[in-house]
Each structure stands twice: as C-alpha cells, then as structure tokens.
Amino acid sequence: MSDDQNINISDEAKNFLNSDHQLLINGSWVKSKSSEKISVYDPASEDLLTEVDSGNSEDIDAAVASARKALTGEWSKIPSHDRASILNGLADQIESKFDILSELEVLDNGMPLPLAQYSIASHGTTLLRYYASWANKIHGSTIPVSPGGAMNGESITYTRREPIGVVGAIIPWNSPLIFAILKLAPALAAGCTVVLKPAELTPLTALYLGELIQNSGIPKGVVNIVTGYGETAGAALAHHPDVDKITFTGSTEVGKKIVEASIGNLKKVTLELGGKNPVIVFPDADLEKVIPGAARACFFLQGQNCMAGTRLFVHEDIYEAVINGVKEMAEAFTIGHGLIPTNDFGPLISEVQKNRVLDYIQIGKEEGADLITGGESVGEKGHFVQPTIFGNVQGDMRIAKEEIFGPVLCAQSFSSDDFEIIAKRANDTNYGLSGSVWSQDISTAHKMAMLIDAGQVSINCHAAVDPAIPFGGNKQSGWGREFGQEGLEPYLKTKATTVIF
C-alpha cells in the first residue's frame, strides 16, 4: 500500500465541504423537515468529510409537489430545441468545474482520480450532449386507419410522444455523478421533471451538480435533489402516489422492493440491478489483450461494478498462462488514496462493504476454492481489500453464484468445444447483465455471444459502454434499458388522436 500521508484537497473543495448541505427543492436550498444529518466519510482515510441534510417523507412530498407543478409550468412551454441548448449548457458548466467534480467524486467514493476524470469526461458531459441531441427528434407519426364511425367520411390518426411525467431517480454509490447524469439527461430531454435521491454514502457530487443546475437555465422545480437514507427518503419516493416513474440503479434485493412499492399507482419502473458476469476465453485468444482485459473487467472500481467480469472461464490449454498473467497484474496494483496520482486501486465504499467482501473470501476458502492471490484487508485505515483471485472454482459455490460486489475473481477452466455446454455454465446464474467473449475466430466469438443470456455482450473487450449503446439486464439484472435511443423511451408515453371529418 502506498504512503498516503500527503493528501492535498483544493481550497474550492474545502469550501464546498465546509458549506451547509441542504435539499434542492423548487429551485432553492432548504433545510430538511427532520433537521437530521448524514455524516459523509472518505472511504480511503475514514475521515469525516462533511454532513448533509437527511430528507424524509415530508421532504419527498415537497419535492414531488414542486416537480409536479414544474411539469405543466414553464418547462412544458420551452421548445425542444431550447431544452437541447439548456442540456448542452449544463454540460458546459460541468466541463468548467471538471477538476472539483473529479476531486469530490474521489473523496466521496474512493475511486482513483484518473478513473473519476475519465468517467466524467467520457460518460458525463458526453451523455448530456447525446441526449440533448435527441430533444428535438422526439416525434409521433400519422397512421392510415378506418376506425368505426368513419365509414361515410375521412379520418386521420396521429400520435404524440409526451413526457411520462414526474420521475423519481434513485442512484447508487459506485459511480455517483455519472449515474445522476444518466438519469437526468434522458428525463430532461423528454420533458420530464425529476426528484433525484443520491445514495446516502455518496451525496456530494449530486449536491454540487445541483448548484450547476441552478445556473443552467433549467426552471425551478424541474430538478429537485433530496439527500437521505434509502429506507426513508428512497422508500417514500418509490411509494409516492404522484410519481409517474421510478428509475433505479442498485442491488437486486432493493430493486424488488421498488417493484412492490410501484403497485400502489402502477408507476412505471426501470431497474438496472446486479450482475455476475462471465468472461469466456477461447484457446486462440490474444493473451496480450485477454490478460489486461480480464484484470480490468473484474477489478475496475475495485469490483464494485454491476458489469464486473467476476467469473472467468478459460480454456484449459491456456488456463495457467491467463491466470498467472492476471495474478501478476493484480499484485502490481498500487493500493491507496485515489487523490494520489500513482495509486490505481482504491478502497471499498464502507466498513460494511469491506466486511461483506472479506466474508465471501472466507466462504470461498471454506468451499474449497484455491486462493491464488490476495484475500486480505490492507492498512490500518480505510476500507481496502487486496485484489483477490480464486482458482478451481466450481459452479455451485456461493462465490460463483452470488454477487460479491468487490475485487474477487472466480476462475474456472473448460475443455469442451461444445458452445451449448459452455453457455450453460456461463448462464448458470440468476443474473444476465453483461459478458464477454475472447477469440480471434470471429465465427466462434459470434456464436458464443449469441448464446450468452445477457443484455450486453462484448467481443475481445469487456463492458463496452457508449452513450449510444443500449445497456440493461435480463433475468434478475433488471427491467428496461439505459443509454441510446432505448434509454429515452422509458421517459415517454404515446398518445393516439383520431379525427373524423
């Protein structure tokens, strides 16, 4: 572990951390009704960073009322091309505050600074500009029909795509700013209004984004931000009878609760949930690409990533070479605080998460898997766990079936050339989010990709993400899609109008 004694926090970040962090409701920062606070800690140092207001059901009521009023107010009268200009303007502001947003993301979440910078640059502003380009392309169609009653006359039927309404957006802690933007960009492009509930562990960049939203030209009440706990603010938002749609990213267990909460008013729901994603390596694969690719697939964001390739299936002919190569990379990671530029592996988000991962590592040992490297916590402070690799993993082991959400790679070998047999092993999970196939034979790669039951499959890379590529899960990995044109659809509803004349 690197020496992290000299962490430099910018004056701008210090000023923000020392400010009063309230709730953004109807365009103004207001105190929570409860006056309770949530303590926010740096997961790398365990130091207290700041406190934020803890919103409850009364605050959610106020935020939803504000969003409902804004839905039919000034926001509904702004032309679509002006909505596009506003979203592009918000992207400009994020770019102008790139350094402090990156810094706050590291302090809040623990990710290495280069990763925070890459994420904001490649998926933050780009997402806003992508959906800004869709704002003036939302249109209906005319349909030639002969409805009842029009037999003696003519008719015309046309459709309109309208905003679905008030959106409740509940986001996770593993990449907080990007998920905030991912929810806001398509919703605003569609003309919806939003109540955003950040994860209680990582509220800082969402609150800073709120300040930028205030200066972006977005009318008051269109975006409301309520920090709070999932069981209070999150549950109140999910149950709220005046919310038309919930978009949620998080665990499958919480996703099921969201679905139950939606029953009251049958609100629409999109869910991006867990994953236990396979990485399948055939004997002809290019190992110079496979080894770093497999390491990044699992250990990106310290494994706290729904797309993480945590189940590695390697043909027996190259199994040892691949495992030894990934092991070498894992052991070369420099572990420490994300604001130290030379560190490339940060902490887990919390003590609870660290203990969860360590418990799974112990389970893996007890189940008989071979611990190849890692498996220990690191340092006296911070929630650090070594990159960990298990070999000789069997498909019925808990570490092979359950989402650990940490830096634990479960490796298995295969010998069969039967694609169906390989696919059966790869699909032997409740999840179906992502996966990858590695082969220089394009026919082999395509055949295998077609058999993987996942919403996203990459060939000779893992978890290819772009604003235009639809992303989402099958089975218990979720409902619906985000990114791309398909990511806009859940924020729209269709109205058919027929005229007989």
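Ile 156 is partly exposed, with a relative accessible area of 36%. Here buried means under 20% relative accessible area, exposed over 50%, and partly exposed in between (1.4 Å probe, protein chains only). Ile 156 sits in strand β6 (residues 155-163). Helices (H or I, at least four residues) and strands (E, at least two) are DSSP runs, numbered from the N terminus.

This is a predicted model, in which local features need pLDDT of at least 70 and side-chain atom pairs count only at pLDDT 80 or more, while totals for chains, interfaces and linings use all residues. Residues are numbered from 1 along each chain as its sequence is written, and side-chain values use heavy atoms, with hydrogens and water left out.

**Surface patch**

**Salt bridges**

The whole structure holds 16 salt bridges. Each is a side-chain nitrogen of Lys or Arg within 4 Å of a carboxyl oxygen of Asp or Glu. Three of them are listed here.

| Pair | N to O distance |
|---|---|
| Asp 20 and Lys 37 | 3.5 Å |
| Lys 37 and Asp 53 | 2.5 Å |
| Glu 402 and Arg 398 | 2.9 Å |

Asp 20 pairs with Lys 37. Asp 20 lies in the loop between α1 (11-17) and β1 (23-25) and Lys 37 in strand β3 (residues 37-41), so this bridge ties together parts 17 residues apart in sequence. Asp 20 is partly exposed at 47% relative accessibility, and Lys 37 is partly exposed at 34%.

Lys 37 also bridges to Asp 53. Asp 53 belongs to strand β4 (residues 48-53) and Lys 37 to strand β3, so the pair links parts 16 residues apart in sequence. Asp 53 is buried, with a relative accessible area of 2%. Asp 20, Lys 31, Lys 37 and Asp 53 form a network of salt bridges.

In the remaining pair of the table, Glu 402 is partly exposed at 25% relative accessibility. Arg 398 is partly exposed at 38%.

**Pockets**

On a 1 Å grid over the protein atoms alone, a pocket is an open set of points where a 1.4 Å probe fits, with protein on both sides within 12 Å along at least five of seven lines; lining residues have an atom within 4 Å of a point. Grid points are joined across faces, edges and corners, and a volume is the space filled by probe spheres set on the points.

The largest pocket has a volume of about 1,300 Å³. Its lining has 44 residues, and Trp 173, Phe 248, Gly 250, Ser 251 and Val 254 are the closest to its centre. Helix α10 gives the most to this lining, with seven residues. By class, the lining has 20 nonpolar, 13 polar and 11 charged residues. Ala, Val, Leu, Ile, Met, Phe, Trp, Tyr, Cys and Pro count as nonpolar, Asp, Glu, Lys and Arg as charged, and the others, Gly among them, as polar.

The second largest pocket has a volume of about 910 Å³. Of its 35 lining residues, Leu 115, Tyr 118, Arg 296, Phe 300 and Asn 305 lie nearest its centre. Helix α11 gives the most here, with five residues.
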